[in-house]
Amino acid sequence: MPANPLHPLYYLNLSTKKCVSCNSNDIRPMTEQAANELIPKVPGWNLVNEADILKLNRSLKVKSFTKGLELFQAVADVAEAEGHHPDLHLVGWNNVKIEIWTHAVGGLTENDFILAAKINGLDLQHLLRRKAAAATTAT
């Protein structure tokens with residue numbers, strides 16, 4: 001696996017994995033150390049701790065309110081295919097916030113990073129404001 005995050009194969013292992021069922025008693029939330037090791041594999045995402053719950057979040061600026069809804073649908077299609085669903089927020093008319101965490105375990109699991117990698121693989125450039133789109137492709 002290439003160590004360079006700009007190399008297209010860098011994200012291959014996460015984006016080609018499939019989310020596993022969260023109903024298993026074997027799934028536990030990952031440690032902050034484990035999350036810090038995976039966060040570089042999902043550029044554009046931030047690791048946050050809210051009330052002792054680790055989450056991934058990402059904010060995007062879209063061209064319009066309806067483009068925000070199109071972005072929601074693109075993310076929803078991936079989420080449904082994976083059986084793992086993020087929290088989606090449209091704030092104001094063009095600010096999209098995506099939060100991912102495994103509610104069933106009260107924290108992060110590999111599923112969250114898999115979903116983030118798959119969302120990163122979506123072609124969203126036509127929905128994003130130019131300045132935001134340029135920043136997204138630079139990461």
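Biologist: Why are H3 and H4 called oblique to each other?

Modeller: In this predicted model, helix H3 (residues 65-82) and helix H4 (residues 110-120) pack at an angle of about 140°. Angles under 35 degrees count as roughly parallel, over 145 as roughly antiparallel, 65 to 115 as roughly perpendicular, and the rest as oblique. H3 and H4 are therefore oblique. Their axes, lines fitted to C-alpha atoms over the stretch in contact, with angles running from 0 to 180 degrees between N-to-C directions, are 10 Å apart.

Biologist: Which residues make the contact of H3 with H4?

Modeller: H3 contributes Val75, Val78, Ala79 and Glu82, and H4 contributes Ile114, Leu115, Lys118 and Ile119. Contact here means heavy atoms within 4.5 Å. By class, there are six nonpolar residues, two charged and no polar ones; Ala, Val, Leu, Ile, Met, Phe, Trp, Tyr, Cys and Pro count as nonpolar, Asp, Glu, Lys and Arg as charged, and the others, Gly among them, as polar.

Biologist: What limits apply to the model?

Modeller: Local features need pLDDT of at least 70 and side-chain atom pairs 80 or more, while totals for chains, interfaces and linings use all residues. Numbering starts from 1 along each chain as its sequence is written, and side-chain values use heavy atoms, without hydrogens and water.

Biologist: How do you know that alanine 51 is exposed?

Modeller: Its relative accessible area is 75%, and exposed means over 50%, buried under 20% and partly exposed in between, with a 1.4 Å probe and protein chains only. Alanine 51 therefore counts as exposed. Alanine 51 sits in the loop between strand E1 (46-50) and E2; helices (H or I, at least four residues) and strands (E, at least two) are DSSP runs numbered from the N terminus.

Biologist: What makes the phi of alanine 51 worth a remark?

Modeller: Phi of alanine 51 is near 55°, a positive value in a residue other than glycine. Most residues other than glycine have a negative phi. Aspartate 52, in the loop between E1 and E2, also has a positive phi, near 65°, and at 73% relative accessibility aspartate 52 is exposed.

Biologist: Is asparagine 57 buried or exposed?

Modeller: At 10% relative accessibility, asparagine 57 is buried. Asparagine 57 lies in strand E2 and, not counting residues up to four places away in sequence, touches Gly44, Trp45, Asn46, Val48, Lys97, Ile98 and Glu99.

Biologist: Which residues of the largest nonpolar core touch the most other members?

Modeller: Of its 27 residues, they are Trp45, Leu56, Leu71, Ile98, Ile100, Leu108 and Phe113. The largest share of this core, five residues, comes from H4. A nonpolar core is a set of buried Ala, Val, Leu, Ile, Met, Phe, Trp, Tyr and Cys residues joined through side-chain atoms within 4.5 Å.
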